[in-house]
Amino acid sequence: MSRDMMPHFELYQPDTVENAIDLARRIGQGAWFLAGGNDSLDWFKDRNKRPTAVIELAGIKELSGIRETADGLEVGALTTLTEIERSPIIREKYSLLSTAAGRVASPQIRNGGTLGGNLCQDTRCWYYRYGVSCYRAGGITCYADTPEGQNREHCLFGGSRCVAVTPSDTATASVALDAQMVIRGPDGERVVPAEEFFIGPSKDITRMTVLKNDEVLTAIRYPKQWAGAKFYFEKVTDRNTWDFALVSIAAAMALDGDRIKDIRLVCGAVECVPRRLKASEKHATGQSRNDDLAAQAGKLASEGATPLNYNHFKVPLMENLVRRAIRDA
Ligand SMILES: Cc1cc2nc3c(=O)[nH]c(=O)nc-3n(C[C@H](O)[C@H](O)[C@H](O)COP(=O)(O)OP(=O)(O)OC[C@H]3O[C@@H](n4cnc5c(N)ncnc54)[C@H](O)[C@@H]3O)c2cc1C
Ligand code: SF4
């Protein structure tokens with residue numbers, strides 16, 4: 001197939017979610033939803049994804065906006081990362097999300113990039129992005145999981161033929177905040193907890209989320225349970241400018257004095273999905289917050305890790321991020 005031109009596709013610009021879904025259903029596998037386009041256009045220009053029809057969601061008004069509800073907060077999937085970063089209500093009550101959104105990429109990308117697009121983006125494994133025919137791309141090998149494979153940025157957990165990781169900063173924050181993902185498709189609406197929305201290669205090696213080809217993520221709900229809690233977000237990168245996480249942590253903590261009443265600890269870039277650290281959470285719950293507890297919870301975080309040839313450094317990094325989250329939130 002020629003690579004010297006970006007492949008032709010039809011462009012649809014529906015103004016209702018129902019029309020978008022109907023188009024995707026009728027077009028089938030060749031359909032591609034477009035939000036801010038930051039990830040999508042890279043794929044098209046690199047010629048490595050070749051949709052026959054692009055369905056632009058930008059004209060659907062109901063998909064944008066930040067609304068307070070009786071149960072918490074509802075954020076439309078087309079709301080930009082900049083809007084989330086700057087929203088007074090999110091900064092006041094759910095600052096874990098505004099901080100994570102503010103650490104995505106560069107200001108230009110955040111101005112156009114949407115929450116839905118950031119949550120639904122594909123993995124950044126460079127072999128796959130380069131267009132090689134690896135397992136995830138339908139081939140029969142993983143180029144990263146070989147003795148000489150460049151797997152510094154790949155996973156510690158959950159590898160199953162593919163060892164790629166989630167690149168999304170807002171995904172880790174959304175799992176830590178017990179978000180609910182509102183999905184609409186030809187059969188109506190379903191609401192899926194963020195923790196179940198993201199899927200690893202053992203479930204489906206070709207997808208990062210439970211979304212089917214004709215389903216739209218319409219909104220993300222953040223329950224008020226965590227409003228105003230103690231939060232911690234830290235993302236370690238190779239460069240001190242826009243970059244994807246080597247490891248990140250998103251933590252939410254409810255305290256009673258110095259006792260931890262409830263806690264969520266979620267790591268990014270260590271698994272194909274945001275990794276909830278349940279053993280560390282269990283160990284910390286009900287305990288007084290102190291350095292020893294933070295160190296013990298950190299150690300528990302890396303249990304079961306299976307590093308690849310070049311990513312052993314992620315193990316102590318992950319442990320220290322958990323330690324800092326508990327100590328400094
Ligand atoms: C240079 C660069 C640096 C980056 N750094 C970071 C980073 O540090 N951290 C980070 O988290 N991300 C980073 N990204 C990724 C970037 O933030 C995402 O690509 C962007 O947020 C995607 O949003 P978008 O609205 O542009 O999505 P699009 O590119 O339009 O869509 C992305 C994907 O999501 C699907 N999609 C979008 N919205 C919906 C919806 N509502 N329903 C169903 N499917 C949908 C699309 O079909 C597509 O597959 C970086 C990207 C670039 C180019
Ligand atoms: S890690 Fe996954 S995406 Fe990367 S080369 Fe291996 S199979 Fe492909």
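**Entry 1: Phe 197 and the cores**

I started at Phe 197 and, skipping neighbours within four places in sequence, found it in contact with Leu 119, Cys 120, Met 181, Ile 183, Val 192, Met 208, Thr 209, Val 210, Leu 211 and Leu 217. Contact here means heavy atoms within 4.5 Å. For my own bookkeeping: this is a predicted model, where local features need pLDDT of at least 70, side-chain atom pairs count only at pLDDT 80 or more, and totals for chains, interfaces and linings use all residues. Side-chain values use heavy atoms, with hydrogens and water left out, residues are numbered from 1 along each chain as its sequence is written, and chains are lettered from A and ligands numbered from 1 in the order in which they are written.

Next I looked up which residues touch the most other members of the largest nonpolar core. They are Phe 197, Leu 217, Ile 220 and Tyr 222, out of 40 residues. There is also a second, separate core of 27 residues, with Ala 251, Leu 265, Leu 317 and Met 318 among them. A nonpolar core is a set of buried Ala, Val, Leu, Ile, Met, Phe, Trp, Tyr and Cys residues joined through side-chain atoms within 4.5 Å. Buried means under 20% relative accessible area, exposed over 50%, and partly exposed in between (1.4 Å probe, protein chains only).

**Entry 2: ligand 2**

I then checked where ligand 2 sits, and the space it takes is the largest cavity. A cavity is a set of points, on a 1 Å grid over the protein atoms alone, where a 1.4 Å probe fits but cannot get out; a molecule sits in one if more than half of its atoms lie within 2 Å of its grid points. I counted 13 residues around ligand 2 (a heavy atom within 4 Å). Cys 125, Cys 134, Cys 142, Cys 162 and Val 163 come nearest. By class, I get 11 nonpolar, one polar and one charged residues in the shell. Ala, Val, Leu, Ile, Met, Phe, Trp, Tyr, Cys and Pro count as nonpolar, Asp, Glu, Lys and Arg as charged, and the others, Gly among them, as polar.

Arg 47 is not a glycine, yet its phi is positive, about 65°. I placed Arg 47 in the loop between α2 (40-45) and β3 (53-56). Helices (H or I, at least four residues) and strands (E, at least two) are DSSP runs, numbered from the N terminus. Arg 47 counts as buried because its relative accessibility is 19%.

Ala 269 also has a positive phi of about 65° without being a glycine. I found Ala 269 in the loop between β11 (259-268) and β12 (275-276), and it is buried, with a relative accessible area of 1%.

Lys 230 is in strand β9 (residues 230-236). At a relative accessible area of 39%, Lys 230 is partly exposed. Not counting residues up to four places away in sequence, I see Lys 230 touching Ala 251, Ala 252, Met 253, Leu 255, Arg 289 and Ala 329.

Pro 307 lies in the loop between α12 (291-301) and α13 (314-328). I noted Pro 307 as partly exposed, since its relative accessibility is 30%. Pro 307 and Phe 157 are 150 residues apart in sequence, but their C-alpha atoms are 7.9 Å apart in space. Leaving aside neighbours within four places in sequence, Pro 307 contacts Leu 156, His 312 and Val 315.

Notes:
On a 1 Å grid over the protein atoms alone, a cavity is a set of points where a 1.4 Å probe fits but cannot get out, and a pocket is an open set with protein on both sides within 12 Å along at least five of seven lines; lining residues have an atom within 4 Å of a point.
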